[in-house]
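Please take a moment to look over the sequence and the model shown below. The paragraphs that follow lead through it step by step.

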Amino acid sequence: MLLSLAIWLPIAWGGILLALGRDEQAKAVRWLALIGAIAGFLVTLPLIAGFDTSTAAMQFVEKASWIERFNIHYHLGVDGISMWFVPLTAFITIIVVISAWEVIETRVNQYMGAFLILSGMMVGVFSALDGMLFYVFFEATLIPMYIIIGVWGGPRRVYAAFKFFLYTLAGSLLTLVALLYLYFQSGGSFDIQTWHKLPLPLNAQALLFFAFFAAFAVKVPMWPVHTWLPDAHVEAPTGGSVVLAAIMLKLGAYGFLRFSLPIAPDAAREYAGFIIALSLIAVLYIGVVALVQRDMKKLVAYSSVAHMGFVTLGFFMFNELGVAGGLVQMIAHGFVSGAMFLCIGVLYDRVHSREIADYGGVVNTMPKFTMFAVLFAMANCGLPATAGFVGEWMVILGAVKFNFWIGFLAATSLIFGAAYSLWMVKRVYFGAIANDHVRELKDINGREYLMLAVLAVAVLWMGLHPKPFTDVMHQSVTELLKHVAVSKIQ
């Protein structure tokens, strides 16, 4: 029941908020949304407390018949690969609700409701063990995010929302074909774990691998199908950018581990070089692209593409350091990128500009805020003792173990991360006060301080003590690598 609660409680609560319907009730709506988000997070805590780290088996499993005629089940469960993303999703939802407290003044119920519904759907993606149930949740997440960008976004919000929707939907259609093929190959089953055991010829595996790649690579997003992300981030409201970076990008990376590698292991090994090449282009080339950005949101958006490049790089080197490092990087990026976008949102709410040139000397008027912003920027460029360091370092070690020169190139990319992060910090936060807008700034209030402080604790905690995260994923990662190492060719 825990996973069902984690999915349907926020969805039902969001539906209630949508029904409330008037802006004069905004204050009550905000409090109700916060209560719903906290309740959604609290029901995920027993998952952490009760998770057995000694087994790779699915835990907290729920199964009931859904569409009997086609043998489709409401089948949920989590293992070490998916478990941390359930509480992470619920946690980020609380932060998003708090961040919008004073900023969103119109259609408050719809804004809060959309995020709560989106939260439940994303938990559904990470929990689904039935292929069709996964696909329904995976596609359903597009609807609330499309509305969030299209209604509360910037001047080019409609263009950005359409681009986001079309890119991600187009890729997913091939995945639906792959799911139907697996359904017939398995004798009429949508059970994902049954699909993992199917002996498939290499040509079928190759077609399946690229069908899944079409959806998951766009979602990550990998180079060169990443162009929708900067537009979506720039036009999305702050909460939309936070959820997009912190959780939605992880749906694609998670798909590689749940579908691509275990269902088509021979094809995964065959085309690993192709994925590694795309990942290295992402971490190197996109790092250079981030260096020349003048818009803070675009800079952080491109840095997200580079950081997610580390994730896919780690997954396709087929050693535990790489895969576990990629998973740790996904969680760390959820904290760090979410915090970076919140910091940009704090400045935008005051100055109504994201241009780096419009700032300078912010530390003089907002010292408390600058303390948090610099911490998150340092984590973004992989400073030791922060969350941003752990995953990247594990992936680099795994890359060196796989091939020294791949590890060398991946490590070199950290220079670009430090360059664009420090470049932004220097021009936005330090130096003399650059203009009257900055001179009139007021430091963060209690609500903003709480929001950033909680994320700062998470970033430092994960950086200093990553063991709870790696312990949970160890058995599942080991089992996955054993599975991928054995040929499934008929």
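Leaving aside its neighbours within four places in sequence, which residues is His307 in contact with? Before answering, keep in mind that this is a predicted model. The residue in question belongs to helix 15, which covers residues 296–315, and beyond its neighbours within four places in sequence His307 is in contact with Gln329, His333, Asn380, Glu392 and Tyr420. His307 has a relative accessibility of 6%, and because of this value it counts as buried, the cut-off for that word being under 20%.

Strand 1 (residues 59–67) and strand 2 (residues 72–78) run antiparallel and are joined by 6 bridges.

Since 7 of the 7 residues of strand 2 are buried, the strand is largely enclosed by the rest of the structure.

Helix 7, made of residues 142–152, gives another view of the interior. Its buried residues are Leu142, Pro144, Met145, Ile148, Ile149 and Trp152. These buried residues pack against helix 5 (108–127), helix 6 (131–140), helix 8 (157–185), helix 10 (202–219), helix 11 (228–235) and helix 12 (238–263).

The next topic is the nonpolar core. The largest nonpolar core holds 193 residues, of which Phe315, Phe316, Val362, Phe369 and Phe376 touch the most other members. Helix 16 gives the most to this core, with 18 residues. To see one of these members in its setting, find Phe316, which touches Phe209, Phe256, Leu261, Ala268, Ala272, Ile275 and Ile276 when residues up to four places away in sequence are not counted.

The largest pocket has a volume of about 550 Å³, and its lining is made of 28 residues, with Val103, Pro237, Thr238, Tyr348 and Asp349 lying nearest its centre. Helix 11, helix 12, helix 16 (320–351) and helix 21 (446–464) are the elements that give two or more residues to this lining, and helix 16 gives the most, with 5 residues. Sorted by class, the lining of the largest pocket has 13 nonpolar, 8 polar and 7 charged residues.

The second largest pocket has a volume of about 360 Å³. Among the 15 residues that line the second largest pocket, Ala56, Gln193, His196, Glu479 and His483 are the closest to its centre. At least two residues of this lining come from each of helix 9 (192–196), helix 12 and helix 22 (467–485), and helix 22 gives the most, with 4 residues. By class, the lining of the second largest pocket has 7 nonpolar, 4 polar and 4 charged residues.

Conventions. Residues are numbered from 1 along each chain as its sequence is written. This is a predicted model: local features need pLDDT of at least 70, side-chain atom pairs count only at pLDDT 80 or more; totals for chains, interfaces and linings use all residues. Side-chain values use heavy atoms; hydrogens and water are left out. Buried means under 20% relative accessible area, exposed over 50%, partly exposed in between (1.4 Å probe, protein chains only). Contact means heavy atoms within 4.5 Å. Two strands pair if DSSP finds at least two bridges between them. On a 1 Å grid over the protein atoms alone, a cavity is a set of points where a 1.4 Å probe fits but cannot get out, and a pocket is an open set with protein on both sides within 12 Å along at least five of seven lines; lining residues have an atom within 4 Å of a point. Grid points are joined across faces, edges and corners, and a volume is the space filled by probe spheres set on the points. Ala, Val, Leu, Ile, Met, Phe, Trp, Tyr, Cys and Pro count as nonpolar, Asp, Glu, Lys and Arg as charged, and the others, Gly among them, as polar. A nonpolar core is a set of buried Ala, Val, Leu, Ile, Met, Phe, Trp, Tyr and Cys residues joined through side-chain atoms within 4.5 Å.
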